[in-house]
Amino acid sequence: MSDESARRISDAELEVMKVLWEAGEALPVTAIRARLSRSRGWEATTVKTLVTRLCKKGALTQEKKGVFYYQPLITRAEYDAWATKDLISRLYGGSARALVSALVTSDGLTKEDIEELRRMLDGGNKE
């Protein structure tokens, strides 16, 4: 899946991807819908439309086993890495330092969060 395809995944399509990532196996539309109905209440046609779009974008693959089963072509980690790079690029001009600064100076982090970030940065800076 290209960066362009990932960029075009809508929030609704991302919900479908999350279901499949959490399942860890290929699922038919009925199973995807059942899992989404708990939180979204979407009709079967809505879920089928989202799955079809994701297949066209190269985010899902399908295999016929009586009915079609769908599986992601990218992992959650790959999507998250792309989304993080995209966020840093769009909101912070490509500066990871600006992102970390915004996190540290926001009210959203606890003292423990900041200490964990410090440990992560210290451990990852082995130059």
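F68 is partly exposed in this predicted model, with a relative accessible area of 32%. Its ring pairs with that of Y70: the ring centres are 6.5 Å apart and the planes meet at 40°, so the pair is tilted. Y70, by contrast, counts as buried because its relative accessibility is 1%, and the cut-off for burial is under 20%. The structure holds three aromatic pairs.

**The sheet**

Strands of a sheet pair through backbone hydrogen bonds, in either a parallel or an antiparallel manner.

Two bridges join β1 to β3 (residues 67–72), and these strands run antiparallel. β2 and β3 pair in the antiparallel sense over six bridges.

The 13 residues of α2 should span 18 Å at 1.5 Å a residue, and the end C-alpha atoms are 19 Å apart, which agrees. The buried residues of α2 are E13, L14, E15, V16, M17, V19, L20 and W21. The elements covering these buried residues include β1, α3, α4, β2, β3 and α5. After α2 comes G24, with a positive phi near 70°.

One of the buried residues of α2 is E15. E15 counts as buried because its relative accessibility is 18%. Beyond its neighbours within four places in sequence, E15 is in contact with L36, R40 and W42.

In soluble globular proteins, nonpolar side chains tend to be buried together. Here, the largest nonpolar core has 22 residues, and V16, M17, I32 and V51 have the most contacts inside it. At least two residues of this core come from each of α2, α3 (29–37), α4 and α5. The greatest contribution is that of α2, with six residues.

Which residues does I32 contact, leaving aside its neighbours within four places in sequence? I32 is in contact with V16, V19, L20, L27, V47, V51 and Y70.

Helix α5 (residues 76–92) has 17 residues and reaches 23 Å from its first C-alpha to its last, close to the expected 24 Å. The buried residues of α5 are Y79, W82, D86 and I88. G93 follows α5 and has a positive phi near 60°.

Y79 and W82 form a tilted aromatic pair, at 5.7 Å centre to centre and with 40° between the planes. Why are Y79 and W82 separated by about one helical turn? They are three residues apart in helix α5, which accounts for that separation. An α-helix has 3.6 residues a turn, so residues three or four places apart point the same way. W21, Y79 and W82 form one aromatic cluster, and W21 is among the buried residues of α2.

**Accessibility of selected residues**

The table collects relative accessibilities.

| Residue | Relative accessibility | Class |
|---|---|---|
| Y70 | 1% | buried |
| Y79 | 8% | buried |
| I9 | 8% | buried |
| W82 | 13% | buried |
| E15 | 18% | buried |
| F68 | 32% | partly exposed |

**The loop residue I9**

I9 is located in the loop between α1 (3–7) and α2. Is I9 buried or exposed? I9 counts as buried, at 8% relative accessibility. The C-alpha atoms of I9 and L103 are separated by 26 Å, and these residues are 94 residues apart along the chain.

Notes. Residues numbered from 1 in each chain as written. Predicted model: local features only at pLDDT ≥ 70, side-chain atom pairs only at ≥ 80, totals over all residues. Heavy atoms only, no water. Pairing = 2+ DSSP bridges. Helix = DSSP H or I, 4+ residues; strand = E, 2+ residues; numbered from the N terminus. Buried < 20%, exposed > 50% of the residue type's maximum accessible area, 1.4 Å probe, protein only. Expected span 1.5 Å × (residues − 1). Core = buried A, V, L, I, M, F, W, Y, C linked by side-chain atoms within 4.5 Å. Contact = heavy atoms within 4.5 Å. Phe/Tyr/Trp six-rings, centres within 6.5 Å; stacked < 30°, edge-to-face > 60°.
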